[in-house]
Number of protein chains: 2
Amino acid sequence: MQRSIATVSISGTLVEKLTAIQAAGFEGVEIFENDLLYFDGSPADVRRIAEDLGLKIMLFQPFRDFDGVSAERLARNLDRAKRKFDVMHELGTDRILVCSNVSPDTLCDDALMTDQLGALAQAAQAAGVIAGYEALAWGKHVKTYRHAWKLVNAVNHPNLGLVLDSFHTLSLNDTVEGIADIPGERIAFVQIADAPKLAMDVLEWSRHYRCFPGQGDFDVANFTAQVVKSGYTGPLSLEIFNDGFRAAPTTITAADGHRSLLFLEEQARALLETSRQPVGELYEPPAAPAHVGYQFLEFAVDHTTRAHLADWLGKLRFRQAGQHRSKDVTLYQHGAASIVLNAEPDSFANAFFQQHGLSLCASAFRVDDARQAFERAAGFGYAPFSGQVGPNERVLPAVQAPDGSLNYFVDETPDQPTLFEADFILTDINGPAEVGPLSRIDHVCLAVPANSLDTWVLFLRTAFGFEAEPGVLVPDPYGLVRSRALRSRDGSVRVVLNASVDHHTAVAEALHTYHGSGLNHVAFSTSDIFSAIPEFVADGLPVLRIPRNYYDDLAARYALPDETLDALREHNILYDRDERGGEFFHAYTEQLDQRFFMEIVERRGGYDGYGAGNAAVRLAAQAQRRR
Amino acid sequence: MQRSIATVSISGTLVEKLTAIQAAGFEGVEIFENDLLYFDGSPADVRRIAEDLGLKIMLFQPFRDFDGVSAERLARNLDRAKRKFDVMHELGTDRILVCSNVSPDTLCDDALMTDQLGALAQAAQAAGVIAGYEALAWGKHVKTYRHAWKLVNAVNHPNLGLVLDSFHTLSLNDTVEGIADIPGERIAFVQIADAPKLAMDVLEWSRHYRCFPGQGDFDVANFTAQVVKSGYTGPLSLEIFNDGFRAAPTTITAADGHRSLLFLEEQARALLETSRQPVGELYEPPAAPAHVGYQFLEFAVDHTTRAHLADWLGKLRFRQAGQHRSKDVTLYQHGAASIVLNAEPDSFANAFFQQHGLSLCASAFRVDDARQAFERAAGFGYAPFSGQVGPNERVLPAVQAPDGSLNYFVDETPDQPTLFEADFILTDINGPAEVGPLSRIDHVCLAVPANSLDTWVLFLRTAFGFEAEPGVLVPDPYGLVRSRALRSRDGSVRVVLNASVDHHTAVAEALHTYHGSGLNHVAFSTSDIFSAIPEFVADGLPVLRIPRNYYDDLAARYALPDETLDALREHNILYDRDERGGEFFHAYTEQLDQRFFMEIVERRGGYDGYGAGNAAVRLAAQAQRRR
């Protein structure tokens, strides 16, 4: 499909917008009228700029409150339309979006509306343009695509088509299956928007909370599949009103928009293939990898911070398992959890350290096919990375995450040296005699800037095919934290994104004095937290103290045995229980060098969350420690 | 009335909250349970801290989902309640808030609920505490105070009272008149919250958008008047869930809360006095002044910026009207508009200049009684200011605005020297032979940080008795601007507050590199903008160029005569029309020293707005000028 985006979807001046839209890979653009009004140049100038960029102006929009009016008003509206047709000629576009009347004094009369839309179609024909009629979800009389189609069909004129917009249909919980029955050639244009499910006025929702496909809760994929079934072959065009996007960097938002359309096409294609329907020209990326867990987490360190982190890892019973063959890189392992500390000069890690200090500079995913996984991520527009590799060492394909850190893909071939065998001199090749209480990395929690949460969600969903859970809000003593968890389909890789809307955090982000360059904490799994924590504490691991009042409240909320409560309290372990009786026990370390911390978790009975209800307790405890 | 606030209303740790609440002047506090859970100390420690501060713990809250449950669940709930009663004893409070059950499996049976609340009352009696029952607007069965009162009245037990919360009542558009009929001694507690009118789910609205009385749209004054009529003499306690407050400075929010209660009491008192009812102990400040316009605006300048500003004022046909008798301060006048440029060393203005550069450091309001006006503002807790005064010069009472600038109050006595005569050597005492086209200051637009918009609204409403109009959102190319206009009751003084949620502005605010220290622009009135603008332009005033496309759209929207459109276009004048046919013509200057700009406005036919629809055009034009 041709891919397009409305100028209203991104920030900046019109020239900045067009430049970013072209750079993101779009073939076309909708000119939102206000962007033209604000532009100090003629419509012909806009046309030239777009042509120079190789961008097609797909649509001019919106034209409001045309239909269901008095005869006197109709004459004025037709005059108004002809003026806009003139602008369209200058712009070099043949299509205008006409949205259903929202005025309280709309005359709610289908026959009258059909007549008036017929008059518009004739005027459009005279001007050589096509008017597309769209039902706004909050239209006074016409609210649904079925109703709009009924009118357009009744007019039955080649210069009047139907415009579909996924938001207007899905926000009303309208069924989308009727779309496939509309003749595709009568659909003049298709606009695409996703949105989080919110219980609010649909107009406000539409104007402020739309987002790109993959970032929200709507089934935009099925909507798109129905559009393809109709035979429509025109553009899919993003029209996103989002307060965050209005203030976000233009080029990043445009790039996210483009990849969100590719992702949408992949999903729609899958739906169509399942029902054995033609898939048209929908984008087909390499399939998302079947993840089998974290291969390793890599920290950028210098010698001082390496000593601190190695000390903590020692207290968590990690052992030093290997030394890199050609670089100043050390491998630590405990169970299936591998941590790499990279102090190599002149490396990516070193550059990352210069910028961020002690930080998580890379995450490696163990996948079934690393090359295919890389090609998928790169196909979605994430920048490939390749670093220095010594003789016989493994070349790991990688892409850059939104914060500039790396995501490596690793696969292993039977009977070949493993990555660690190839790259490291393993000091402890048969594993330690003593097995520690940790089994693996449970999840990684990243602290991301508030205005890049959606960018991260899209990254994890598109590049790796992760699934997203609904977002939650957690109160911090100095603001709110917006949190969203994602995971690979098999649940083996879990990432929690935390975006603080705390004023202090916003300032720190702005100043690039933000701590930890992304990592909030790493959580390790154990099958026996009540023995693991005292073992670590005996070795000197500083565990975050939890207020005693928390345990008094636990006692009031849950019928927990006294000895369990006593043990929780003694070891500063937090507790959560899900609706099916699954239980979560977790404890936090203090912060390491004021940057990030670690969590020890035990899941019982299929508990599948992250103890979100306890996050506020942890944030408050940390805030009190900082005083 | 006793004044109280819930700890959830402000940011910080529990100790920070209590300290700020005491400093703001509150007599009591509600302990929100989560704040206790997060506190690393015992409830008895909290009691001691509050006692040391002289704060009374008025209430412990909330206790949820007690009523309308199975017999088995009731037993657990009563056990849970007894545990909380123990906490209350430690805290030293005798009152707990029990809110109506929101669980989907609530048993909706008034008789059962009455029995269960009766059991709670007996448990409360045994523990020597009082349970207050509150209807949540989104309760499963009990949503209104009438329903809650029906149950409480049926229980008829001294240890069970009713809790009222203005949000729960006003968000449902429920009538408040029934409150007066409830015996005041049966009302256990009264919570107060205002909110903007929003079309959204009431739970989300309540959890994120409450605000202090005077900042929102609810008629909290009438609610409070009804509470007083009931005979209730307990505390009025603010319970505000607001995302912005959670991230705002603790002490400022607490101070705003306290003054919002004083303001609420003033309004409730006025309602009661009008209906000749007893007013109890409601706060009575000096009456708000009858404003008669801006006396002057004062800019902090050095010699360089004074020359720039004086040059612009000259192009706007201001004349240099006087020189201060003892200070390096110059007076410029045009019509009734007076501008003072203050370059005096070792002055407040100089300190302000050091901090902000060229900036608006003071606004003076001409009032009927300056002393009374000052006492009102100071009574609401705004810091008084007095500067150096020379012999025979006028002492002007003043308070500090939220940005640290000053608001002076000026009155004049018949047959006495005017302020300008007293303080200035007037160079042009009989006025110039040539009268310019400007008449007065129409309005002042201040740029305020996004998280202090509510603080400013409260400042202008309480200190000066201004009325607030609903807020509007204006798109800027790089974000959104939230705008709210306030005015004196006679309309002679108008202030527009613009809060940018643009990321760049947020950073600039955080870094204190924010331009203009508050002033966005000053608007001057004229009765003939079509002759004024060319006159100013001829003198060299740089007028902001408006895109031609704007005028093409005006032509499509309004049936304006061609010569009017041509004149608008020629002079870069913007146009707006209200629903009653009132018209607004306005033009902007370029920015002066990249700090602020000026606007020339002409109002016709009773137009009373600010051309909000054109603000986006102006913002886009300015953004393109900055490229």
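Guide: Let us start with R269(A), which counts as buried in this predicted model, because its relative accessibility is 11%.

Visitor: Which residue forms a salt bridge with R269(A)?

Guide: The partner is E284(A), and the closest N and O atoms of the pair are 3.3 Å apart.

Visitor: Which residues are linked with them in a network of salt bridges?

Guide: D553(B) and R557(B) are linked with E33(A) and K84(A) in a network of salt bridges.

Visitor: Let us move to chain B. Which side chain meets R603(B) in a salt bridge?

Guide: That of D442(B), with 2.8 Å from N to O. R603(B) is in strand β26 (residues 597–604) and D442(B) in strand β18 (residues 438–448) of chain B, so the pair ties together parts that are 161 residues apart in sequence. As for accessibility, D442(B) counts as buried at 3%, while R603(B) is partly exposed, with a relative accessible area of 23%.

Visitor: A change of topic: what rotation superposes chain A on chain B?

Guide: A rotation of 180°, with 0.1 Å of shift along its axis, superposes them with an RMSD of 0.0 Å. That is the relation of a two-fold axis. In chain A, the C-alpha nearest the axis belongs to M200(A), and the distance is 1.9 Å.

Visitor: Why do the copies meet through the same surface?

Guide: Because 100% of the interface residues of chain A are also interface residues in chain B.

Visitor: Which residues form a nonpolar patch on the surface?

Guide: L198(A), Y209(A), L198(B) and Y209(B) form such a patch, with about 290 Å² of accessible area together. L198(A) is found in the loop between β7 (187–192) and α8 (202–208) of chain A, and at 32% relative accessibility L198(A) counts as partly exposed.

Visitor: Turning to annotations, which residues does UniProt list for "binding site"?

Guide: The unreviewed UniProt entry lists H443(A), H521(A) and E599(A). Although these residues are spread over 157 residues of sequence, they cluster in space, the largest C-alpha distance being 9.3 Å.

Visitor: Where does H443(A) lie?

Guide: H443(A) lies in strand β18 (residues 438–448) of chain A, and counts as buried at 2% relative accessibility.

Visitor: What is H443(A) in contact with, leaving aside neighbours within four places in sequence?

Guide: The contacts of H443(A) include H521(A) and E599(A), which UniProt also lists under "binding site". R494(A), V496(A), V522(A), A523(A), V601(A), R603(A) and Y610(A) are in contact with H443(A) as well.

Notes
Residues numbered from 1 in each chain as written. Chains lettered and ligands numbered in written order. Predicted model: local features only at pLDDT ≥ 70, side-chain atom pairs only at ≥ 80, totals over all residues. Heavy atoms only, no water. Least-squares fit on C-alpha atoms with pLDDT ≥ 70 in both. Contact = heavy atoms within 4.5 Å. Salt bridge = Lys/Arg side-chain N within 4 Å of Asp/Glu carboxyl O. Buried < 20%, exposed > 50% of the residue type's maximum accessible area, 1.4 Å probe, protein only. Helix = DSSP H or I, 4+ residues; strand = E, 2+ residues; numbered from the N terminus. Patch = residues over 30% accessible without salt bridge, like charges linked within 9 Å, V, L, I, M, F, W, Y side chains within 5 Å. Areas by Shrake-Rupley, 256 points an atom, 1.4 Å probe, with all protein chains shown as cover. UniProt positions renumbered as here; feature names shortened; annotations may be inferred.
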